[in-house]
Structures are given as C-alpha cells and as structure tokens.
Amino acid sequence: MNKSGAAKKDSFEASLQKLEELVRELEGGEKGLEESLEIFEQGITLAKTLAQQLQEAKQKVEVLTQQNGKSAKTPFTERR
Amino acid sequence: MRTALTVSQLAAAVHDILEGAFPDVWVEGEISNCKTYPSGHTYLTLKDEASQLRAVLFKGAAWNLRFRLEDGLKVLARARVSCYPPRGDLQLILSAVEPKEKGSLQLAFEQLKAKLEAEGLFEASRKRPLPRIPQRLGVVTSLQGAALRDILSVLGRRWPALEILIAPVSVQGEAAKDEIASAIERLNRQFPELELLLVGRGGGSLEDLWAFNEEVVARAIAASRIPVISCVGHETDTTISDFVADMRAPTPSAAAELAVPDRDAVLEQIESSAAGMEASLRHAIERLGQRLEALRRHPFLQSPYRLYEERMRRVDELYGRLPEAMRRRLLHADKDLALQAQRLDAFSPLKVLGRGYAIARKADGSIVRSSRQVRRGEALSLRLAEGQILCEVSDEQVRGG
C-alpha cells in the first residue's frame, strides 16, 4: 500500500472531527501562544490534507463475482 | 336378488361422478379451520351462512400463493369437487385461491407487514444510525438497471472518495428475492468493513417490485449488521423493505444523496475552519499584545517613584484636613459657651428687678426679708431695675405668712 493509501486509513470523518476540535480549541482562546501556534499549524495542515484528499478522490467501483463458489471483486465497467 | 356394491365401489363411483360433474369450478366462501401441515398441504373449510365444505390446497398448488390463507378470509377458490375414498368425505381440491376483497399482492403485503410489525422489526429503536461519512459502501441491485447508474453518478458527484462494491442481483422474477437476500447476507459475512448498504431498484409495476415485499428479503435486511438504506421504485412506492431498513429513500438517487455528504459543502466547511483558525490565532496574538501594552503602560512600570508619590499625596491630604477639623472643633465650643451664658442670664437678679421687684437694704447694706427686721423711721434704700430710692419706714406691720 502506498503512502496516500496509508493516510487514507485514518477515516475522513475522524480527521474532520479532529479539525473541528482544533478549531474549537483555538476559538476558546484559553491556550498559550506557543500551544495556539501548534494547534493552528496542525489544523491548517489537516485542512489542506483533507481538502486535497477530497479534490483528488476518485470513485472506486468493483463488482462482486462468484467463481467456483468463491466471491471475488472485479473492477466495474459500465455496460452500455 | 339384490346386487350390492362394496363401499369402495360406491365411493369410487361417487368420486368419479363428482369429478366428472365439477372438474373446474369457482366457489366463493370464507375460510375457517385452516391448517398447514409440515408436508406443505393446507386443509381448510370453506363456508357461507348455511353450508360448509372441506377443502385442501396441496403443496404443488400453494407455492405460487402470494398471501397467507387464514381463518375469516373471504376468498374465491378454483376447485374440482372430489371425494376422498378412505374417509368418504366430500372434498374440494383447490388449484387457486384469490382474496375476494382486495388483490392478492395487496393482501400479501398487508399480512407480511402486520406480521413483521408484530415482531417489532419496524421499531424505531432497531434503526441503526447511518455513518456520517462512509468510506466503503455496498450496493445490492441489478447491474443493468437505471438504479445503479443513478446511484453511481450521484455518489461520484457528491463524494468521490468512496469505495463501492456492487453485489449484482436480479431485482424481479422468481429468483430475485433469494438473490437479494443472499447478497445482503454475503456482504455482511464477507465484507464486514462495508459501512452502508444500498438495496433497491428503479421504478416498475407492483409485480416488478415484488421481491422487496418478500419476507426473506425483509429478514435479510433486518439481520444485516451493516446499516441499510432501502430504495425501491419511485417516491410513491412503499415496500416491506422500506419499513425494515434503517432508512428509506424514495428513489435510488435519493438513497445516494442520503448515503454521503456533499463534497462541495464539506470543502467549504474545511475552508471556513481554516479561516476560523487564522482569525482565532490573530485574535489570540492581538489579545496578548494588548495585555503586554497595558502592562507596559502601568504607572508603576512607567515610574517606580509613583509608589512613593502616592503615599506622600496621602499624607499631604491628611495634613490639609487638620486645620479644618480644628476649626470645626472650636466652632462647636463657641456655640456651647453662648448657650451656657444664656442659661445664666435667666437667673440674673437684674432680670427679676426688671419685672418690677425691688431689693430693700438697710443702711448697713443687709437685705430686708421681713417687716420685723425694721423699725419705724429707719432709713432703707430700694434697689430698682433702674436706679435706687432712699426712703423711710413709716409703719411696720407683719401680715400673713
């Protein structure tokens, strides 16, 4: 599995929630400057990664097939 | 000589006559004493107000019956009339049964709905929450149908970051119900990582959609650990699958919309999050700057002598208040004195004389308080409020007390 595939393992929703959390922390304004900067950096990186993931994402469609009683996935090609 | 038939001969003859006379009739009546045996044969009584006839629906004829035969149901039955020789009973052998008051599909739908509802399969508490953003999604539908095209296109537009696994099934015809049910079961068993299943098909007649009203499909959906969105036909079509699924979508396209969020909306949310963070950080820095500035401007930091000056000012102020306090105190004493003088004045002898009294004194200056103190011809002086009179006593008398 390549690197982007590994990053994908972290579910998009979990990352989005993490981002929301970071924003809330920063908005709370209770953190020190150094910590705020760290949160900000982390948040911006996460936001960029998420946006990039979304923009580059390609739909992957497979079809479940039965061969000799065994299930397999094969790429889907639409029949016209 | 009488010729006698055996019982069997007579029964066989009656059997033949009956079957010959009523090989194929429609009879209308109400079902009672209905019982299906493990063999698959169903025995029942058809009755009206006055009469009743025993009837049997053999397994071979029962298989294509959509609805369940039950007591109280008014039906039209196609039958041949027969006689069951071992018992000699008259018996209708049914080849088809239709409900009298509604279509058989409608009745089957209602019966299954009532049954599953009684089992609690439609309870809101059974509904599993759908994932907000699924990553892997299964679709159970026909490869050829418009439903699949619609679903893939909506999913691709809204949320391309998705792995989709299609389990192709026939969605109408005899095999459909079992294919759909086993596809749902197989996806659950072999691909538990799927987070959501879309199960459905495009529009069609009630018969076309029928597989989704079958018990085996309803039970497969109910048993699915993966949440299921059911999407069968058009908006107006409601199937048993819709009731038992975790979410009902009016159409396959709508199911795809319910399944995933809209990418553009999420992108916007991410962007506004980033902007919000920047603003928050800027605020944080500004606030820190303001605090620093406020501290820098603090008088004590500006000039440490302030501390001393402050105390000096206090001393000066108290010092300034001293004379005033003293003045007030003296003023008070003055007033007190005047009051005392007034009270003293009230007792002054001059005041008494002013009211017309006189003080009489002898020549030696002693004050005369009684007429017995003086003799005739003695000189006295009378002190008045103003001036005095020298006079002589012409008579002395003692009167009264």
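**Strands, sheet and cores**

Modeller: Let me begin with strand E13 of chain B, where Gln388(B) is the bridge partner of Arg383(B). Before going further, this is a predicted model, in which local features need pLDDT of at least 70 and side-chain atom pairs count only at pLDDT 80 or more, while totals for chains, interfaces and linings use all residues. Residues are numbered from 1 along each chain as its sequence is written, and chains are lettered from A and ligands numbered from 1 in the order in which they are written.

Biologist: How many bridges join E12(B) to E13(B), and do they run parallel or antiparallel?

Modeller: Five bridges join E12(B) to E13(B), residues 388-392, and the two run antiparallel. Strands (E, at least two residues) and helices (H or I, at least four) are DSSP runs numbered from the N terminus, and two strands pair if DSSP finds at least two bridges between them. E12(B) and E13(B) form a hairpin with four residues between them, and Gly387(B) in that turn has a positive phi of about 75°.

Biologist: And which strand does E11(B) join?

Modeller: Three bridges link E11(B), residues 359-361, to E12(B), residues 379-383, again in an antiparallel arrangement, and Arg361(B) has Ser381(B) as its bridge partner there.

Biologist: Switching to chain A, what pattern does it follow along the sequence?

Modeller: Chain A reads α-α-α-β-β, with three helices and two strands. Of its 80 residues, 20% are buried, where buried means that 20 or more other C-beta atoms lie within 10 Å of the residue's own, exposed means 12 or fewer and partly exposed is in between, with C-beta atoms placed from the backbone.

Biologist: How many residues does the contact take from chain A and from chain B?

Modeller: It takes 31 residues from chain A and 31 residues from chain B, and two residues are in contact if their C-beta atoms, placed from the backbone, lie within 7 Å. The largest share of chain A's side, 10 residues, comes from H3(A).

Biologist: What sort of residues are on that side of chain A, nonpolar, polar or charged?

Modeller: They divide into 17 nonpolar, seven polar and seven charged, counting Ala, Val, Leu, Ile, Met, Phe, Trp, Tyr, Cys and Pro as nonpolar, Asp, Glu, Lys and Arg as charged, and the others, Gly among them, as polar.

Biologist: Which strand of chain B is joined to E1(A)?

Modeller: Four bridges join E1(A) to E7(B), residues 163-168, and these strands run parallel; Lys60(A) stands opposite Glu163(B) in E7(B). Both strands belong to an open sheet of seven strands with mixed pairing, in the order E2(A)-E1(A)-E7(B)-E6(B)-E8(B)-E9(B)-E10(B). Its edge strands, E2 of chain A and E10 (247-248) of chain B, each pair on one side only. Further in, six bridges join E6(B), residues 136-141, to E7(B) in parallel, and Leu165(B) in E7(B) is the bridge partner of Gly138(B).

Biologist: Which helix packs on the sheet?

Modeller: Helix H4(B), residues 146-158, packs on the sheet and touches E1 of chain A as well as E6, E7 and E8 (196-201) of chain B, its direction making about 160° with that of E6(B). Axes here are lines fitted to C-alpha atoms, for helices over the stretch in contact, and angles run from 0 to 180 degrees between N-to-C directions. Helix H8(B), residues 252-259, lies across E6, E8, E9 (228-232) and E10 of chain B, at about 160° to E9(B).

Biologist: Which residues of the largest nonpolar core touch the most other members?

Modeller: In that core of 75 residues they are Ile151(B), Leu155(B), Ile180(B), Ile184(B), Leu197(B), Leu198(B) and Ile221(B); a nonpolar core is a set of buried Ala, Val, Leu, Ile, Met, Phe, Trp, Tyr and Cys residues joined through C-beta atoms within 7 Å. Domain 2 (111-261) and domain 3 (264-321) of chain B both give residues to the core, so it lies between them, the domain bounds coming from an automatic or database domain assignment. Apart from it lies another core of 14 residues, including Leu44(B) and Leu69(B).

Biologist: Last one, is Phe243(B) exposed, partly exposed or buried?

Modeller: Phe243(B) counts as partly exposed because it has 19 C-beta neighbours inside 10 Å. It is found in helix H7(B), residues 240-244, and, leaving aside neighbours within four places in sequence, Phe243(B) is in contact with Lys113(B) and Phe122(B).
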